[in-house]
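This report covers surface, ligand site, charge pairing and backbone geometry, in that order.

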Amino acid sequence: MADNYDYDVLVIGAGPGGYVAAIRAAQLGLKTACAESRETLGGTCLNVGCIPSKAMLHASEYFDAAANGAMAKMGVKVTPELDLDAMHGQRKDAVKQLTGGIEYLFKKNKVTWLKGRAAFEDAHKVKVGDETVTAKNIVIATGSSVTPLPGVEIDQRIVVDSTGALELAKVPEHMVVIGGGVIGLELGSVWRRLGAKVTCVEFLDQILPGFDGEVRKESNKIFKKQGIEFKLGTKVTGVEVKGDKATLTLEPAKGGDSETMEADCVLVSIGRRPNTDGLALDKAGLKTNERGQIEIDHDFRTGVDGVWAIGDVVPGPMLAHKAEDEGIAVAENIAGQTGIVNHELIPSVVYTWPEIAGVGLTEEAAKEKGEVKVGKFPMLANSRAKTNHEPDGFVKVIADAKTDRVLGVWCIASVGGTMIAQATQAMEFGATSEDIAYTCHAHPTHSEAIKEAAMAVTGKPIHI
Ligand SMILES: Cc1cc2nc3c(=O)[nH]c(=O)nc-3n(C[C@H](O)[C@H](O)[C@H](O)COP(=O)(O)OP(=O)(O)OC[C@H]3O[C@@H](n4cnc5c(N)ncnc54)[C@H](O)[C@@H]3O)c2cc1C
């Protein structure tokens, strides 16, 4: 297919969107290159996002279980000693192995890795470092980076972003997390478990925007019980660093008197913004929307023929699995197949303890569309969760009152991130709550709570 071009497909960015698109394009017989400016492949997700944060969450969970008496309750008496260097070591090791794994997959699939920062010369020509290459199709998968808070300078010492918060050399005494979203709660949890006092300041009147209202409230209660303090409906108007301390100025979001708060670590986690700086989009005839994103159609085409875009740089939730699925779909579309992503069913997971997960509509959004029936089941009544001393949380199934079709599933459970996959799959197949209720679930598993919540939609759960 290459015609007079160097490549059939050039992907810009080797995050979960870009590297997956490149591998699938190569699998489909297209001559493919992927430009990446980082030293390693895997993008935000593998280098400074999903993977290192989960490495720290997993390790700190063990420490916490030993320190907070959860292990002693099960007859395992230990007094933990923190070796933070070793904990960071296993994080770095996970990142090294996984990013190296993508390099292996590129070689195996004959994807050429062009090392360097890419910028458009025209819609089919891109400069990567000192080299200029042409491609019939170009996929922009440049991802996102941390949104700065105006007036607050990230020094990665006292005031850190998520990347800095993954790498702290010592446990802070008092960490203030600005933003009660997924990343702030995950990284706040890591350092709380390792001994820091953690205060989370959130502008909105509840944490986890975008999640089901009841789930947001219950999660807030659970985090408070674990010792995280919250200042909801509060905005940070300034952070002043002097020596090893920061002084934050806080104001009620709706106006009122300001107050100050001291911290030795401030994590700014108010969101992420698309990466398009330096890409010279204008040379390809492209521009961004008012949120800095590249607009695409249903097939991931931009407004310019032969230029496609996926992942965090386009509208939609900024999640690795969404980027990956778009990567597969865009490659299939370029190859003349039909690549589809169902954007209605992208699961969201917070990998805290317990995990918080959801897919489809929140109860509030479902009610706006019509009449619904809701079934709930507490984890306290699930035999496996109870046996494992994991009483917190619940599962909630929201179904259309007339058709019984499942519209949303939400859960707070130790393994909620794993449980939500079955709900997503059922919804992808158009399941009713009855379909889930009459599907045999292995016993004893946390997943039985999904079956029971589905049974509760018609008012007939067995175990409550
Ligand atoms: C701390 C943290 C934890 C997270 N945890 C999760 C999680 O648990 N689950 C989840 O689903 N998501 C998580 N995310 C979000 C997830 O990392 C992103 O949604 C995902 O990485 C987006 O993939 P992408 O391919 O669009 O872009 P990215 O992963 O951002 O990759 C884009 C790549 O493009 C490169 N690039 C940019 N511009 C250029 C250029 N001009 N030339 C060459 N290369 C360029 C960048 O260097 C980067 O490597 C987390 C994010 C963070 C920060």
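## Surface patch

Which residues form a nonpolar patch on the surface? In this predicted model, the patch consists of Met 74, Val 76 and Val 78. Together they have about 250 Å² of accessible area.

Val 78 sits in the loop between helix H4 (70–73) and helix H5 (84–109). Its relative accessibility is 41%, so Val 78 counts as partly exposed.

## Ligand site

The ligand is surrounded by 38 residues, and the closest are Glu 36, Arg 38, Thr 44, Lys 54 and Ala 320. Sorted by type, the shell has 16 nonpolar, 16 polar and six charged residues.

- Lys 54: a polar side-chain atom is 2.6 Å from an oxygen atom of the ligand.
- Arg 117: a polar side-chain atom is 3.4 Å from a nitrogen atom of the ligand.
- His 321: a polar side-chain atom is 3.3 Å from an oxygen atom of the ligand.

Taken alone, the ligand exposes 1000 Å², and the protein buries 95% of that. Two or more residues of the shell come from each of helix H1 (16–27), strand S2 (32–36), helix H2 (43–48), helix H3 (50–67) and helix H9 (320–334). H2 gives the largest share, four residues.

## Salt bridges

How many salt bridges does the structure hold? The count is 18. Side chains of opposite charge can pair when their charged atoms come close.

Lys 54, which is one of the residues closest to the ligand, also forms a salt bridge with Glu 186, and the closest N and O atoms are 2.8 Å apart. This pair links distant parts of the chain, with Lys 54 in helix H3 and Glu 186 in helix H7 (residues 182–193), 132 residues apart. The two partners fall into separate accessibility classes: Lys 54 is partly exposed because its relative accessibility is 24%, while Glu 186 is buried because its value is 4%.

A second salt bridge joins Asp 212 to Lys 396, again with 2.8 Å between the closest N and O atoms. Asp 212 is in the loop between S10 and H8 and Lys 396 is in strand S21, so that the pair links distant parts of the chain, 184 residues apart. Asp 212 and Lys 396 are both buried.Asp 404 and Lys 373 meet in a further salt bridge, at 3.8 Å from N to O. Asp 404 lies in the loop between S21 and strand S22 (406–413), and Lys 373 lies in strand S20 (residues 372–378), so the pair ties together parts that are 31 residues apart in sequence. With a relative accessible area of 12%, Asp 404 is buried. Lys 373, at 26%, is partly exposed. Salt bridges that share partners also join Asp 212, Glu 214, Glu 363, Lys 367, Lys 376 and Lys 396 into one network.

## Backbone geometry

Most residues other than glycine have a negative phi, and most peptide bonds are trans. The residues below depart from one or the other of these patterns.

Where are the cis peptide bonds described here? One runs from Trp 353 to Pro 354, with omega near -10°. Pro 354 belongs to the loop between strand S18 (348–350) and strand S19 (355–360). Another cis bond runs from His 443 to Pro 444, with omega near -5°. Pro 444 is placed in the loop between helix H13 (433–437) and helix H14 (448–457).

Leu 208 has a positive phi, near 55°, although it is not glycine. Leu 208 is part of the loop between strand S10 (197–201) and helix H8 (213–226). Its relative accessible area is 1%, so Leu 208 is buried.

His 389, also not a glycine, has a positive phi of about 60°. His 389 lies in the loop between helix H11 (383–387) and strand S21 (394–400). Its relative accessible area is 39%, so His 389 is partly exposed.

Terms used. Residues are numbered from 1 along each chain as its sequence is written. This is a predicted model: local features need pLDDT of at least 70, side-chain atom pairs count only at pLDDT 80 or more; totals for chains, interfaces and linings use all residues. Side-chain values use heavy atoms; hydrogens and water are left out. Buried means under 20% relative accessible area, exposed over 50%, partly exposed in between (1.4 Å probe, protein chains only). A residue is near a molecule or strand if one of its heavy atoms lies within 4 Å of it. A polar contact is a pair of N or O atoms within 3.5 Å; within protein, one must be able to donate a hydrogen and the other to accept it, and residues adjacent in sequence count only if both atoms are side-chain atoms. Accessible areas come from the Shrake-Rupley method with a 1.4 Å probe; for residues, only the protein chains shown count as cover. Ala, Val, Leu, Ile, Met, Phe, Trp, Tyr, Cys and Pro count as nonpolar, Asp, Glu, Lys and Arg as charged, and the others, Gly among them, as polar. Patches are made of residues with over 30% relative accessible area and no salt bridge: like charges are joined within 9 Å, nonpolar side chains (Val, Leu, Ile, Met, Phe, Trp, Tyr) within 5 Å. A salt bridge is a side-chain nitrogen of Lys or Arg within 4 Å of a carboxyl oxygen of Asp or Glu.
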